[in-house]
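Here are my notes on this one, written as numbered points. Keep the viewer open and find each residue as you read.

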Amino acid sequence: MSDPTPAQTDTLDQAMTAIARGQAGEAERLLARLVRERPDDPAVHRALALAAMRVGDVPRAVAHLREAIARAPGSGLLQCELGRVLAQSGRFEESLACFERATRLRPDLAEAWYFLGITQARLGRKAPALEALRRADAASPGQVPIMAPLADLEVDAGRIEAAQALWLRLVQLQPREEDVHLKLGESYVHLGQPAKAREVFRAGLALLPGSAGLWMSLGQLLEDAGDRDGAAEAYQAALARRPGWVFPLAALLSLHRSGADEALVARAGQLLAEAGLDDADRALLGFAYGKVIDGRGEHERAMASWHVANAARRRVAGAFDREAFLADVEATLAAFPGPLPADVPRGAPDPRPVLVVGMPRSGTTLVEQILAAHPLVAGSGERAGLSKFAESLPPGSCLDAARVASASADYLAELVRHASRPGAQRLVDKAPMNFLHLGHAAQLVPGARVVWCRRDARDIALSIYGEDFAPGSRFATDLGDIALVIQAQARLMRHWQARLGLPVLEVCYEELVAGLEPMARRLLDFVGLPWDPACLAFHASQREVSTPSRWQVRKPLYTGSVGRWRAHAAALAPVLSLLSPDDPSPALLLG
């Protein structure tokens with residue numbers, strides 16, 4: 001094929017300019033003559049493809065790009081452009097093949113790696129997507145369209161530090177983008193640095209004072225830190241900037257409960273009465289409104305609000321799968337019938353972990369706060385490391401020593417990273433639902449101690465039902481499901497006590513609030529530390545608390561929550577027979 005004449009080059013340039021201006025008709029007029037003169041020129045067919053895409057003619061664009069590739073089979077750029085056209089028309093698998101060929105032909109072509117990664121991610125293939133976007137970032141550093149999705153994928157892979165490095169770059173490049181400030185702040189929270197996260201949000205607000213999202217995130221962190229006035233001010237600022245936003249409205253109601261502003265309470269009631277309210281918002285607001293009304297003694301109205309909230313949450317998150325849960329319980333019992341055999345690989349013995357387990361709302365946050373007040377103890381919050389380990393690996397004897405050692409080191413590092421004080425001799429992991437995973441805990445951290453928090457099951461059931469748990473806690477939206485999980489918890493804990501070999505201390509909530517010092521002394525004896533009176537002043541601690549009990553544990557012990565279920569006995573009647581104040585029947589009654 002001969003080189004184009006100056007006139008032909010000029011015509012092609014004019015056509016490309018017309019395409020850029022959206023003048024597809026003019027471009028095609030110019031290209032019609034050119035393609036007759038140069039039918040084998042890939043640049044002409046590429047231009048025709050671009051003109052076709054301008055008018056939405058995908059088949060013609062694909063045909064011209066294939067013509068161009070046939071004449072220039074070594075062009076990675078043409079392969080990439082064909083892939084983009086196929087992806088835009090929903091032909092993702094075909095587009096992947098094009099992007100992969102493009103990266104083989106042009107390993108330095110960041111655009112090809114980028115679109116390969118984005119398409120893999122769209123198909124749910126996160127691992128190859130992550131690798132492709134890393135290659136794109138390496139080929140062309142500093143590109144915002146590459147870094148933003150790459151950071152999200154790094155988070156999905158558990159590489160928070162890598163994501164944080166990207167968001168730090170993005171904040172510099174896009175200082176007025178709300179999302180990058182939010183995600184950078186969240187990365188510090190994930191890494192156990194909430195004070196740094198607050199700095200990030202405040203710096204973002206200095207640039208974007210109208211950002212409701214930044215005000216809301218700052219409010220949540222201030223609430224975790226015990227700054228009630230600061231949290232209220234931030235929530236009010238968020239609501240002022242987005243008056244119809246349910247999130248800060250619900251946060252203000254939950255913050256003040258029975259003392260909430262009447263105008264806010266009335267607004268919440270009006271919103272809940274609106275038929276068009278989104279179910280996610282209805283759930284969020286219904287839980288908070290119920291707490292306000294319950295605190296004012298209107299128990300029937302409160303329960304009605306919680307019924308509405310839980311029904312909405314079920315519509316959003318789906319119903320609890322009882323059969324699957326019971327099957328998992330039976331599989332767990334079968335996998336750990338007794339102490340771990342001697343030949344099962346274990347993590348290195350470490351006396352630092354203290355696992356606080358039990359049903360949610362059974363006093364687990366209170367126990368963690370009491371222990372963390374001791375100068376040799378650090379609270380590490382509610383960590384997911386043990387549950388992730390248990391859910392991602394097969395039962396004990398199937399695990400090899402290297403994987404156990406690696407997972408054990410990762411879990412301990414997670415506890416240290418989130419510890420409320422450095423160099424602590426004990427690290428408290430307050431993850432209530434870890435009662436499901438103590439068999440794996442015996443393998444992962446064989447030196448751990450377990451504190452089992454117990455409470456009258458009727459109070460637990462009521463407290464869970466009226467609390468805004470994460471959507472993944474599907475059992476929390478139905479009283480029968482809550483009863484089922486309470487029973488399973490008791491059954492599993494009695495099994496672990498009798499057969500597993502991990503030391504377990506039972507802490508009864510009712511006994512704890514009736515007499516703090518005797519129980520605090522028992523706790524410290526159990527974890528092997530000397531008595532310290534600081535544990536009696538746990539409520540004065542400045543450590544961050546991010547659970548629903550954050551405000552209860554910031555005041556001295558009180559007994560007002562004991563027997564709270566009686567005010568709701570009528571609503572609880574259908575499940576009262578399944579909620580023994582002590583241990584339920586060993587049999588799981590709800591099939």
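1. Start with Q489, which sits in helix α25, residues 479-499. (Helices are DSSP runs of H or I with at least four residues, strands are E runs of at least two, and both are numbered from the N terminus.) Is Q489 buried or exposed? Q489 is buried, at a relative accessible area of 5%. Here buried means under 20% relative accessible area, exposed means over 50%, and partly exposed is in between, using a 1.4 Å probe and protein chains only. Beyond residues up to four places away in sequence, Q489 touches G358, M359, F435, W452 and C453, where a contact means heavy atoms within 4.5 Å. A polar atom of the Q489 side chain also lies 3.2 Å from the backbone oxygen of I486.

2. Before going on, a word on where this comes from. The model is predicted, so local features need pLDDT of at least 70 and side-chain atom pairs count only at pLDDT 80 or more, while totals for chains, interfaces and linings use all residues. Residues are numbered from 1 along each chain as its sequence is written, and side-chain values use heavy atoms, with hydrogens and water left out.

3. Now zoom out. The protein has 28 helices and 5 strands, and its C-alpha atoms fill a box of roughly 95 × 65 × 45 Å along the principal axes. Of its 591 residues, 52% count as buried. Take the contacts with a separation of 6 or more: 68% of them join residues 24 or more positions apart.

4. Have a look at α3, residues 42-54. Its 13 residues should span 18 Å at 1.5 Å a residue, and the end C-alpha atoms are 19 Å apart, which agrees. (The expected span is 1.5 Å times one less than the number of residues.) At the start of α3, a side-chain oxygen of D41 comes to within 2.9 Å of the backbone nitrogen of A43. P42, V44, H45, A47, L48, A49, A51 and A52 are the buried ones in α3, and the buried residues pack against α1, α2, α4 and α5. After α3 comes G56, with a positive phi near 80°.

5. Compare that with α7, residues 110-122, which has 13 residues and reaches 18 Å from its first C-alpha to its last, close to the 18 Å expected. Which helices do the buried residues of α7 pack against? They pack against α5, α6, α8 and α9. Among the buried residues of α7 are W113, Y114, F115 and L116. Just after α7, G124 takes a positive phi of about 80°.

6. R257 has a phi near 50° and is in the loop between α15 and α16. R361 has a positive phi of about 70° and is in the loop between β1 and α20. R257 counts as partly exposed at 29% relative accessibility, whereas R361 counts as buried at 14%.

7. Next, the empty spaces. Rolling a probe the size of a water molecule over the atoms shows where empty space is left. On a 1 Å grid over the protein atoms alone, a cavity is a set of points where a 1.4 Å probe fits but cannot get out, while a pocket is an open set with protein on both sides within 12 Å along at least five of seven lines; lining residues have an atom within 4 Å of a point. The second largest pocket holds about 180 Å³ of space, and its lining includes R46, A49, L50 and M53. Both α3 and α5 supply at least two residues of that lining.

8. How many cavities of 30 Å³ or more does the search of the whole structure find? It finds 1. The largest cavity has about 30 Å³ of space, and F287, N310 and R313 are among the residues lining it.

9. Last, A390, found in helix α21, residues 385-392. A390 counts as buried at 11% relative accessibility. Leaving aside neighbours within four places in sequence, A390 is in contact with H437 and H440. A390 and G56 are 334 residues apart in sequence and 50 Å apart in space, C-alpha to C-alpha.

How values were computed. Grid points are joined across faces, edges and corners, and a volume is the space filled by probe spheres set on the points. A polar contact is a pair of N or O atoms within 3.5 Å; within protein, one must be able to donate a hydrogen and the other to accept it, and residues adjacent in sequence count only if both atoms are side-chain atoms.
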